[in-house]
Amino acid sequence: MNSDSVAMTDLNGGKNKPETVCIFGTGDFGRSLGLRLLQSGYSVVYGSRDPKNSLLLPTGSKVMSHAAAACEAHVIVVAVQREHYGFLRSLALDLERKVLVDVSNNLKRGLYPESNAEYLSRLVPGATVVKAFNTISAWALQSGGLDANRQVLICGDRADAKQQVTDIAQSLGFTALDRGSLRAAAELEDLPLQLFPLWRLPLKIAICLTAFIFFYTLTRLVIYERVTTGKDIAFRIMISLANKAFPIVSLVMLSLCYLPGALAGFLQLYNGTKYRRFPDWLDRWMLCRKQLGLVALAFGFLHAIYTLVIPIRYYVRYRYNAYVISLIKDNKTYEFDNTAAWRFDSYFSMGILGFGLFVLLGITSLPSVSNSLNWREFRFVQSKLGYVTLLLCTAHTFLYGWDRFLNPQSYKWLMPPAYMLSLVVPCVVLILKLILITPCVDRKVTRIRQGWERQAKTSANGSDSKIDQRLMA
Amino acid sequence: MNSDSVAMTDLNGGKNKPETVCIFGTGDFGRSLGLRLLQSGYSVVYGSRDPKNSLLLPTGSKVMSHAAAACEAHVIVVAVQREHYGFLRSLALDLERKVLVDVSNNLKRGLYPESNAEYLSRLVPGATVVKAFNTISAWALQSGGLDANRQVLICGDRADAKQQVTDIAQSLGFTALDRGSLRAAAELEDLPLQLFPLWRLPLKIAICLTAFIFFYTLTRLVIYERVTTGKDIAFRIMISLANKAFPIVSLVMLSLCYLPGALAGFLQLYNGTKYRRFPDWLDRWMLCRKQLGLVALAFGFLHAIYTLVIPIRYYVRYRYNAYVISLIKDNKTYEFDNTAAWRFDSYFSMGILGFGLFVLLGITSLPSVSNSLNWREFRFVQSKLGYVTLLLCTAHTFLYGWDRFLNPQSYKWLMPPAYMLSLVVPCVVLILKLILITPCVDRKVTRIRQGWERQAKTSANGSDSKIDQRLMA
Amino acid sequence: MNSDSVAMTDLNGGKNKPETVCIFGTGDFGRSLGLRLLQSGYSVVYGSRDPKNSLLLPTGSKVMSHAAAACEAHVIVVAVQREHYGFLRSLALDLERKVLVDVSNNLKRGLYPESNAEYLSRLVPGATVVKAFNTISAWALQSGGLDANRQVLICGDRADAKQQVTDIAQSLGFTALDRGSLRAAAELEDLPLQLFPLWRLPLKIAICLTAFIFFYTLTRLVIYERVTTGKDIAFRIMISLANKAFPIVSLVMLSLCYLPGALAGFLQLYNGTKYRRFPDWLDRWMLCRKQLGLVALAFGFLHAIYTLVIPIRYYVRYRYNAYVISLIKDNKTYEFDNTAAWRFDSYFSMGILGFGLFVLLGITSLPSVSNSLNWREFRFVQSKLGYVTLLLCTAHTFLYGWDRFLNPQSYKWLMPPAYMLSLVVPCVVLILKLILITPCVDRKVTRIRQGWERQAKTSANGSDSKIDQRLMA
């Protein structure tokens, strides 16, 4: 029972006559919703053509014919597939002036020209249709909203009908959000059919980059070797080549994650205000920065394991052993190279510390962790620690190159080693950031983000106390 | 103050006379609840026999004798241990027609024949007893429900009393769920005493499997060696044997996690409907699939580290060195085996990619992550990516065996190598899945899961728009 | 529209006249709040001096002059920076008897002598000021509270004004918590400026410990070698020394995480009651145990990777190879040391299992995971499994020392090896815990934690059913 009806029944003197909700459809969703409504103090009446399925209905609910059930309640949840909406036309009289809640989803996008809710509204013009609950699964209803998405998105053409559905959603422990008129139903019906929309761009970038680096390295190492010396080292594809592609993709994507923030800073400097919209491509890029970073972390994780597995590999053990055997056979002395010791150890250290910080960034982007941080803490981790991570990983790559860096001997067929290509984007990002944090530029950017505008148009209400969060990282 | 009373006082003209809640008991829970009630706008009166402890009570609350406190409020929270309920009998007159909220828990299950709430109801028959808040800890009350379970389970025999407690719970920021009559109190009192009920079966399977593989490998390797050659290689127990048991348990449990879904698919095909209940054992198995998968991941994680630690082990370094020394002493040439290079590298690659995907599956089963996925995304990750993980890990095991596979020379005392045993269940699962995804079978299963029934009994309301979630993985 | 107004408009016969909220300021926060209010059914009116910025305002809202906008609503949100509050003085007449919601934050702490809300209250004495929403970011408002902190902290001097803001916050899907009078505003304004307050002590301890161990080991290894043999092994700083400091800091901090719980147990035994407050330092220590543990885990993680990277290091490969070459040149036989095999493998096994459990502890302290555990489960993991982790890690360190332990030959300049120092705190904690879990002591502690007091003062209401959670770990 929602608080609205409590207040009213109090005045009537008779308390606790629970509000009744009618549900058409006894499938999984209808059953779960009915159980949850009962638990929250509502009366539930099922409308069904077939009493057979009523065996599985929650105890405490009633089952009737559709027409009889419709008379019992003002709000009727239509938990039926769109294909079977037809029978509702015959109930038009019983549904007059009722609120019909459309909870349906389709199996694919674009199956029908209009949304299910608008179709329902056309079928039963005498009733008010509200689209709701379609983003909530039967499972989320059963598990009490604890372990699941808590947001119920609502749309419809009449405010009072929406308010009644909002009250029900809130009584069930959900947060109701109004998404406007029934025309928004098509959008709401698309939501459960989306498959990682924000991850598509980062994954596409990752796949293209991986493919490019892979074929580039394949040419430089395997094919070049084959052509020039005739040796077949194709077995190196499995680990050596993968372990060249993964770290490069990881580093480039990590820097792509920080590039839009730097670009936006320069754009604001150029515009002299924060009140001009960014170009669309920059907006879309900024929105998927978290995903870019997490894909980069996944590639970094694979790089770490691929690296740690090196000494168990047959090929590596063979090379080490062959080296020792050749040393002994040729009776050479085996000298310790102090510089190599420094270089290798620094190289590993940078990599490990960078990876450790990267994992930390990943953990703080888990929803439950980032929720427990305040705005300043989140910004500190994602921006400051993020740049330290980028710096460490870039240093790791530079140390990997060491003196081979820009060495023309390491070019094969005029192609520089792949790790050199991978350093371009991170270096650009680091240089841009370096410019942005010089005191004089930093002061200007901070003022702009606090609402200051170049043309001295700054007004009392043209600014607020919170710096644009989208720019913080 | 809850919205109900606001509405009423508005009409009375006098706004903001906060509702009073009485709390018997000044222990941790009573204090925390009182503080939270005060923060949410209630007045709080403590009933206490002893004014000494009132030093720690939240500022703003009043302390009185039990009888005086009971007169101040309609709702009385009994935050006292069951052993001390006796004193309430003497207050029977003061408690007449009041709502007593029993928040107590016991230290062990089955200590008393009846639940605390029913005992309280028997002691004070003139009052209405509502069981609530016992699943919420004093800590959760203090931390504002942000960092803690937000569900308050409520049961009681009178709907109006339950509604009042529901209103209070909602005002404190919790989600209230009605669990029926006071007879359900015993069940609610058991909840905080449960110790990982869903993890028991998976952990039992893991422990039995580990023990079996361990002793099997112990016999095949250590005891066999001792008996046939007299050599003591018992030191291999610590890492080599553990690292044979862990991957096998991980692979078998991962496949056990996908087996029930496949079985359920075949059962639905056989039944020709989704409206028949699964056998109980299958239901219970399906409910703990997430736990099976996470235990498998834990074993896979241990396997990964045990493998990466191999080259630092004394025994392994000794063997490598001894091999090189023998090569030199015997003056043999050291040939590179191209097939071995391919095999080892593929073997490691499959394992690493499988482990990477497995970690991804683990991350998406974190509550806060799975909440942010819609149903289609969750299904994609847990089902599609899950089968890819299983496929990669099975391929990893096959490559480990390579040509030793089914080679009778690798049998010792007629016992095949343990990894061969471990391949049985995953192969069965993969074959079953392969059958289920062939187009003709897949079409039939999809139709059944959408509500179609073989006997053409399909009805408009016998189906709904959401496929049974329990079957999705 | 909140339920309060629904109830009232119902009586007036006219339903669905939405409540209007006025927002001064069209910055990010004002826009986001307005959008959210519109989505939750409110009417929104912006007060602005400059119509230019109204281009970005949410559709459905109106923009007027400040004075006109103020007349439209009873509740006015002041989404303007404190520096620009001045213009409100001129609106004093229009703001008479209105509720002004101060949502502002400052850029730094201690910028102003009084809180922004109190300053606002002084500027417009005729209005009632309520501080609210300042801990909610514009981003959290836009993302619907799903992916963000859901708590709105409210303070103010008049209960009715606070109730109105509470109603609005609840309608937007947030949990409202009253933090008292307007004097609390300074505290609320400090909250978003805090930077990991609970992490400061653990991080300080970690940094000091790391520095101490680092310089201690630097002296013992690098400087000692330089002075006594003249050899420069400074390259060992990068990995060898780091990998001595990290495990030691990890072990010491893990034990520091369990020390206060043991101390508190002894203190309760000594006091004979749980109703006496702990000394302040112990309270503060207990509050940051989770952070201590997580910092220890981070160091343990670095230790794990630094260890796994060992066999790829140039220095290590050189040493291994040089050893094999010297064996061959000197024509020595290479004997297998069975004890060394046992010792190394046990040492690694303890470490891996300890690290595995440690990761499990870390996962269960993620907010969303710990929320899904009941009190008994949380205690089982954090206390029981925590001590097993400590035991395994301590055993790992003992096995590392093996027979070198307390061996005077391993002293350099009278300094014992660093790992020996690291064993002091864990051993103390384990011994204290061992005493606490002996049956006779355990019984006494359990009784005390259930409310028993030595002076037989135990009273019916002096105890409750929940053991003090702060002591559970």
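Predicted model: local features only at pLDDT ≥ 70, side-chain atom pairs only at ≥ 80, totals over all residues.

Q: What makes E5(B) and E6(B) count as paired strands?
A: Strand E5 (residues 99-102) of chain B and E6(B) share four bridges, in the parallel sense. Pairing needs at least two bridges, so the label holds.

Q: Why are both faces of strand E6 of chain B called covered?
A: Thr128(B) and Val130(B) are on one side, Val129(B) and Lys131(B) on the other, and all are buried. Buried means under 20% relative accessible area.

Q: How do you know that Arg31(B) and Asp28(B) form a salt bridge?
A: Their N to O distance is 2.8 Å. The rule asks for a side-chain nitrogen of Lys or Arg within 4 Å of a carboxyl oxygen of Asp or Glu, so the pair qualifies. Arg31(B) and Asp28(B) are both buried.

Q: Why are Arg31(B) and Asp28(B) separated by about one helical turn?
A: Because they're three residues apart in helix H2 (residues 28-39) of chain B.

Q: What makes Arg313(B) and Asp345(C) a salt bridge, and why does the pair join two chains?
A: The closest N and O atoms are 2.7 Å apart, and the cut-off is 4 Å. Arg313(B) lies in the loop between helix H12 (289-308) and helix H13 (314-329) of chain B, while Asp345(C) is in helix H14 (residues 338-364) of chain C, so the pair joins two chains.

Q: Why are Arg313(B) and Asp345(C) called buried?
A: Arg313(B) has 4% relative accessibility and Asp345(C) has 0%. Buried means under 20%, so both get the label.

Q: Why are Arg226(A) and Asp232(A) called partly exposed?
A: Arg226(A) comes in at 48% and Asp232(A) at 36%. Under 20% is buried and over 50% is exposed, with partly exposed in between, so that's where both belong. These two also form a salt bridge, with the closest N and O atoms 4.0 Å apart.

Terms used: Residues numbered from 1 in each chain as written. Chains lettered and ligands numbered in written order. Heavy atoms only, no water. Buried < 20%, exposed > 50% of the residue type's maximum accessible area, 1.4 Å probe, protein only.
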